[in-house]
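Okay, thanks for coming, everyone.

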Amino acid sequence: QVQLVESGGGLVQAGGSLRLSCAASGRVFSINAMGWYRQAPGKQRELVASAFSGGATNYADSVKGRFTVSRDYAKNTAYLQMNSLKPEDTAVYYCNAGRQYGSTYTIDYWGQGTQVTVSS
């Protein structure tokens with residue numbers, strides 16, 4: 001099992017920045033990719049960004065150019081740097097971890113979520 005613990009959420013004004021962290025522990029050797037999803041009230045959970053082995057990343061179109069996903073392999077931690085935040089970025093952000101093979105990413109674990117609220 002892998003445990004994921006998120007931190008860094010909070011309340012910020014539009015145009016501001018936040019950095020989310022996700023620390024993985026347990027059987028971390030079983031994962032080679034980490035990422036973030038988010039879920040706003042009344043909406044489905046959606047992809048935000050993923051970071052794969054070898055440094056590859058992908059982003060939702062809505063966050064490209066504003067958010068940056070990264071990983072610190074020594075600390076088994078993933079980060080999501082969020083800049084130029086908009087009220088529509090308000091959501092619970094969930095860290096995930098799993099296995100990537102080629103173009104397929106299988107998510108095996110989820111964090112508990114951290115709230116991000118962007119005021120206008």
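So, there are 5 salt bridges in this structure, where a salt bridge is a side-chain nitrogen of Lys or Arg within 4 Å of a carboxyl oxygen of Asp or Glu. Before I go on: it's a predicted model, where local features need pLDDT of at least 70 and side-chain atom pairs count only at pLDDT 80 or more, while totals for chains, interfaces and linings use all residues. Numbering starts from 1 along each chain as its sequence is written, and side-chain values use heavy atoms, with hydrogens and water left out.

Let's start with Arg-38 and Asp-89, whose closest N and O atoms are 2.9 Å apart. Arg-38 sits in strand E4 and Asp-89 in the loop between strands E8 and E9, 51 residues apart (strands are DSSP runs of at least two residues, numbered from the N terminus).

Buried or exposed, that Asp-89? Asp-89 is buried, at 1% relative accessible area, and Arg-38 is buried too, at 5%. Buried here means under 20% relative accessible area, exposed over 50%, partly exposed in between, with a 1.4 Å probe and protein chains only.

Asp-89 also pairs with Arg-66, at 2.7 Å between the closest N and O atoms. Arg-66 is in the loop between E6 and E7, so this pair ties together parts 23 residues apart in sequence.

Now Arg-99 and Asp-108: their closest N and O atoms are 2.6 Å apart. Arg-99 is partly exposed at 31%, and Asp-108 likewise at 32%.

And the shared partners? Arg-38, Glu-46, Arg-66 and Asp-89 are joined into one network.

Conventions. Helix = DSSP H or I, 4+ residues; strand = E, 2+ residues; numbered from the N terminus.
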